[in-house]
Amino acid sequence: MTTATEQQHLAGPLSAAVANLCTRLQPQVSARTAAGFREVLRRLSAPLQVAVAGRIKSGKSTLVNALIGRRVAPTDVGECTRLVTRFQYGTVDRVEIVFDDGRKQVLPFSADGMIPNDLEVDFDKVSHLEAYLTNAVLRDLTVIDTPGLGSLDAASVKRTEQLLGAAKHRKPEDDEAEEGGEDSDELDDTSRNAVAGAEAVLYVVTQGVRADDQQALAAFTAATASREAGPVNAIAILNKADTIAPESVAGSDGDTWKAATLLAEKQAATLKPRVADVIPVIGLLAESAESGGFTSADADALRTLSKLDDATWETMLMSADIFVTWECEVPPGIRTQLLEKLDLYGVRTAVDALRRDPEMTAGTLRRVLLNASGLSGVRGKLDAVFRARADGIKAAAALASVTALAHASGDPGERQRVHDAIEVLLAKPEAHQLRLLEALTLVTSGAVAMPEDLAEEVLRVGSSADIGEQLGLKGRPPKELSAYALERAGWWRSFASFGATPAQSRVAHVVHRAYFLIWQQLREQAG
């Protein structure tokens with residue numbers, strides 16, 4: 001059984017159930033598999049790990065800085081942008097260079113508070129970076145910044161695959177305790193693949209979503225703890241929303257943000273069911289407003305610009321070159337800095353706000369820019385899809401790892417013992433969420449083919465924790481929800497028995513059970 005201390009760090013009852021399963025099975029499996037189970041236990045008690053992925057130059061690191069609320073990830077081209085970097089909570093701010101052979105070298109952050117962009121080490125021998133920050137956001141979320149997919153740098157791609165699919169993090173005391181022992185506690189590559197990687201994905205796109213983004217998301221499976229990226233554990237972010245030309249999006253009425261919202265909806269249709277949703281954001285604006293990059297001096301410069309006459313101002317906004325070179329009271333160097341922090345869209349937004357309220361303080365202006373960035377929408381979706389369901393996500397990922405470890409052992413008896421233990425766990429009513437997540441993954445990945453309308457229903461029932469959303473009847477009275485849940489429970493039971501293929505029948509039984517449990521829950525709430 002897990003200890004009281006371990007229980008405090010687990011995401012919830014499902015994670016605790018899987019942790020207890022691993023603990024019970026350890027004496028019944030080989031030393032190598034048991035080592036894998038110990039790693040699964042370590043990961044279960046760690047914060048939810050979210051990988052930020054996407055193509056090169058999609059603004060991943062800028063978004064990471066905005067989410068953390070501190071400009072720490074390098075955004076300029078350099079050595080560090082070709083490395084995987086894990087940002088996690090620590091009591092002392094520091095950077096650790098982790099080498100391929102497991103050695104670590106500790107570095108302080110640079111004078112500007114960022115990870116040093118150039119490492120004075122043999123770069124070819126570096127595995128990845130670990131960045132520890134005394135940051136409240138990272139207490140329940142570890143953020144993994146990855147090199148851009150599609151990069152021509154093969155070494156960067158290899159490092160990403162090795163860390164996300166084969167990382168192993170060990171405590172120094174573990175190494176000391178095991179010195180001179182047998183190598184049976186060492187995980188082989190297959191086992192390491194089974195237990196490593198992020199549990200959820202933020203996939204960053206820009207306005208030009210490519211046809212193969214579906215394949216790129218599927219290829220990122222190695223970064224999701226041996227599970228397919230899907231609506232349970234993947235969100236797409238439409239970054240650089242301010243670069244979208246409103247006239248290129250029908251129905252935008254000339255409004256940039258409305259154009260971004262409409263484009264995000266189109267992208268969601270393209271990328272689903274690989275992602276839960278596509279959320280627009282202006283990463284640069286979010287980073288500057290949230291991480292302290294926007295200063296009172298910037299606000300003063302913008303206040304001066306807000307006093308220009310309309311004709312001059314509109315001319316300056318025609319292009320970045322004109323904005324910097326046009327004659328005005330604010331020096332060109334300061335205007336260049338404003339562009340680097342806010343771009344033209346952010347500058348216009350700030351000046352418009354100051355014209356409406358000339359007495360606006362720098363702090364209020366910063367909040368206006370933060371609201372205009374769309375970061376709150378990203379965080380809201382993170383909370384709804386990831387944080388609120390961290391227990392189910394982590395438990396499902398851990399079960400996938402346990403299954404993979406058993407298969408990697410090559411021992412049929414061991415594989416059967418693990419399989420039987422998992423089946424006992426999944427048979428419990430409180431563990432049904434894991435069955436539902438598994439069924440959802442099977443359908444969205446195409447492993448089980450379902451008619452489109454039924455696939456949509458599985459997606460709806462399994463992709464939300466809100467009963468109204470699960471039933472597609474949000475806002476309806478409880479009595480109507482209860483009647484509909486019971487009706488659909490009966491329909492899926494009939495489909496499982498009479499109209500489904502064997503694979504579909506397994507999914508149908510899970511959906512039937514989900515509806516039945518919803519009906520029971522509504523009855524209990526009704527008293």
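1. Among contacts in the protein chain (heavy atoms within 4.5 Å) between residues at least 6 apart in sequence, 74% join residues at least 24 apart. The model is predicted, so that local features need pLDDT of at least 70 and side-chain atom pairs count only at pLDDT 80 or more, while totals for chains, interfaces and linings use all residues. Residues are numbered from 1 along each chain as its sequence is written, and side-chain values use heavy atoms, with hydrogens and water left out.

2. The protein chain has 23 helices and 9 strands, taken as DSSP runs and numbered from the N terminus (helices H or I, at least four residues; strands E, at least two). Of its 527 residues, 50% count as buried, where buried means under 20% relative accessible area, exposed over 50% and partly exposed in between, with a 1.4 Å probe and protein chains only. The accessible surface of the chain comes to about 23700 Å², of which 52% belongs to carbon and sulfur atoms; these areas come from the Shrake-Rupley method with a 1.4 Å probe, and for residues only the protein chains shown count as cover.

3. An open sheet is formed by 9 strands in the order S4-S3-S5-S2-S6-S1-S7-S8-S9, with mixed pairing; two strands pair if DSSP finds at least two bridges between them. Strand S4 (104-107) and strand S9 (278-280) stand at the edges with a single partner strand each, so one side of each is left without a neighbour in the sheet. On average, neighbouring strands of this sheet are turned by 25 degrees against each other, direction ignored (axes are lines fitted to C-alpha atoms, for helices over the stretch in contact, and angles run from 0 to 180 degrees between N-to-C directions).

4. A search of the whole structure finds 5 aromatic pairs, a pair being rings of Phe, Tyr and Trp (its six-membered ring) with centres within 6.5 Å, counted as stacked if the planes are under 30 degrees apart, edge-to-face if over 60 and tilted for the rest. The rings of Trp313 and Phe323 have centres 6.3 Å apart and planes at 70 degrees, so this pair is edge-to-face. Because Trp313 lies in helix H12 (residues 310-316) and Phe323 in helix H13 (residues 320-325), the pair ties together parts that are 10 residues apart in sequence. Both Trp313 and Phe323 are buried.

5. The pair of Trp491 and Phe495 is stacked, because the ring centres lie 5.3 Å apart and the planes are at 15 degrees. Both residues lie in helix H22 (residues 478-499), 4 residues apart, which is about one turn of the helix. Trp491 is partly exposed, with a relative accessible area of 35%, whereas Phe495 counts as buried at 12% relative accessibility. Trp491, Trp492 and Phe495 form one aromatic cluster. Leu486 also lies in helix H22 and counts as partly exposed at 41% relative accessibility; its C-alpha atom is separated by 8.5 Å from that of Ile518, 32 residues apart along the chain.

6. Ser15, in helix H2 (residues 13-25), is buried, with a relative accessible area of 0%. Leaving aside neighbours within four places in sequence, Ser15 is in contact with Leu10, Leu44, Asp391, Lys394 and Ala395.
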